[in-house]
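Have the sequence and the 3D view open side by side as you read.

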Amino acid sequence: IRVREPAATGASVDRRQRNQPGRRQTTPIQHQTAGRRLMCLCVRWQRASQSWRSMVSLLGLALLLVSYRAAAVNTNEAMLRELEISLWNYSAELRGGFGYKDNVLLSHSNIQCSTYWMSGAEMMVYRLPTHGWQFHCFADANDVRYFSSPSVDNEQVALAAAQLGKDFGHDWSSSLSLNYLLQNQVYDYSDTYTNRSSVGQIRGHTLTPRWALRKALGAFWVEGGLSGTRQWLAAPLYSYWQFGPQAVFGWGNESELALSCQYSRIDYDHREQANAQGAANTNTALALNTCTAELSLTCFADKHRHWQTVTTLGFEAVLDNGSGYYDYNCYRASQKFRYRDEQWEVTVLTGLNYYDYLTQTIGATDPALRRKTMITVTLRAERKLAKHLKVYASYNWDRSISNLEFDDYAVNFITAGMAMTF
């Protein structure tokens, strides 16, 4: 969905690429009559609110994070009020569906399968940009109820994100965002835990504020930011603080190439360091230093932007402040294909993560270093049946290949249901 300037200017803003790293902001729409300008803007905002959708992935919590960049349109507030057009808008969705999961516990030996009912809701509130200011907030929640799993009855994941942005002119802009995540689910947290346990139920809350400053230089742009995270986790996991800077460099207009680099430090509240054999060192405090680099390429195969591909390559190095027992390198690659038109949206996503532990061994009697490969495949299709009604189906396959027996598992789950939009 696009909002275009008159042919005299030729500038356009792609609403589907809101707040992607590196998406350049265009200049305000000029030399257009107020009535035509406002009608064009509002019609496309309305269409965007009806077709807008988000997808959630937990491995990337780091991800997690959900964001949006509005166009810097200098909207005349008095004119909008005169035409009875609200500056504030919203979109909402309610969904529900049945599914089946063949390994609820992500276990190597204790296999528990179950059908389930999944319900969810999402909502987005946004304000038409005025005087260079942009604002949006978004929330999404999912609840899963298992019918026949003796160990786990339910799982919940909820997230919320809000962002305030300001365009200062001369291609300078800044944003301040706040993200929240709630987790109650079976989760693989093997990357920063030991060879004794790395899969289990995680219960906790995560709060992440972030500030960023961006400068556009023609087709190039650069962004710098600071982010902090506070995570509260129930035992046996450990709560922690995380803080660090990030730099992103990008190039492109229709397609985009971006390189991001980030350093962060994790300080645990009560977690102790470990010696080379994995035994706790008393009266010590564990901290992890992480360095991450990621290169991503986003391309559109046609002028209508029906086909999109996103290719990502990444590397992460983690070093602890003790013996190096928790040190590892992680190599990542992912590929996403998406097709979207007025009726259909089809997504194929594949991912590969390889963990190379530098000190941690399989066990006390086996000196072989720990290794792990994580493969994920996601297929999802949506079909719009009516203005406010659609059906969807998804399939997920996760495979953990490890030289530790308990850490070697596979899981398949499939979901199909309906969603109503407002």
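## A first stop: two residues in a loop

Where is the place of D171? D171 sits in the loop between strand 6 and strand 7. Its phi is near 65°, a positive value in a residue other than glycine. With a relative accessible area of 43%, D171 is partly exposed, because that value falls between the 20% and 50% cut-offs.

H170 lies in that loop too, between strand 6 (154-169) and strand 7 (172-188). H170 is not a glycine either, yet it has a positive phi of about 55°. H170 counts as exposed, because its relative accessibility is 71%. As background, most residues other than glycine have a negative phi.

## The overall picture

Please keep in mind that this is a predicted model. The mean pLDDT of the protein is 83, and 79% of its residues reach 70 or more. Residues 1-75 call for some care: pLDDT stays under 50 over this stretch. The model has 169 contacts beyond four places in sequence for residues 1-75.

In secondary structure, the protein has two helices and 18 strands. Of its 422 residues, 48% are buried. The accessible surface comes to about 20,600 Å², and carbon and sulfur atoms account for 62% of it. Among contacts between residues at least 6 apart in sequence, 59% join residues at least 24 apart.

## Strands 11, 12 and 13

Now follow strand 12, which pairs with two other strands. Strand 11 (residues 256-268) and strand 12 (residues 287-300) pair in the antiparallel sense over twelve bridges. Within this pairing, R265 stands opposite N289 in strand 12. Strand 12 also pairs with strand 13 (residues 307-320), again in the antiparallel sense, over 13 bridges. There, L295 has L313 of strand 13 as its bridge partner.

T290 counts as buried, because its relative accessibility is 6%. Its side chain makes a polar contact with the side chain of S264, at 2.6 Å. Leaving out residues up to four places away in sequence, T290 touches Q262, Y263, S264, E316, A317 and V318.

## The hairpin turn and a loop contact

Strand 12 and strand 13 form a hairpin with six residues between them. In that turn, R305 has a positive phi of about 60°.

Which side chain makes a polar contact with the side chain of R305? That of E254 does, at 2.3 Å. E254 lies in the loop between strand 10 (240-251) and strand 11. E254 counts as partly exposed, because its relative accessibility is 42%. E254 and K303 are 49 residues apart in sequence, while their C-alpha atoms are 9.1 Å apart in space.

## Two nonpolar cores

The largest nonpolar core has 14 residues. Those with the most contacts inside it are L106, Y116, M118, V144, Y146, V152 and Y409. Strand 4 (114-130), strand 5 (133-146) and strand 18 (409-421) are the elements that give two or more residues to this core. Apart from it lies another core, of 13 residues, among them Y268, L286, L288 and Y326.

Which residues does M118 touch, not counting those up to four places away in sequence? They are R95, G96, G97, N142, D143, V144, Y392 and T415.

F406 is found in the loop between strand 17 (389-402) and strand 18. F406 counts as partly exposed, because its relative accessibility is 29%. F406 and S109 are 297 residues apart in sequence, yet 7.5 Å apart in space, C-alpha to C-alpha.

The last stop is P236, in the loop between strand 9 (220-233) and strand 10. A cis peptide bond joins A235 and P236, with omega about 15°. For context, most peptide bonds are trans.

Notes: Residues numbered from 1 in each chain as written. Predicted model: local features only at pLDDT ≥ 70, side-chain atom pairs only at ≥ 80, totals over all residues. Heavy atoms only, no water. Core = buried A, V, L, I, M, F, W, Y, C linked by side-chain atoms within 4.5 Å. Buried < 20%, exposed > 50% of the residue type's maximum accessible area, 1.4 Å probe, protein only. Helix = DSSP H or I, 4+ residues; strand = E, 2+ residues; numbered from the N terminus. Contact = heavy atoms within 4.5 Å. Areas by Shrake-Rupley, 256 points an atom, 1.4 Å probe, with all protein chains shown as cover. Pairing = 2+ DSSP bridges. pLDDT = per-residue confidence, 0-100. Polar contact = N/O pair within 3.5 Å; in protein donor to acceptor, adjacent residues only side chain to side chain.
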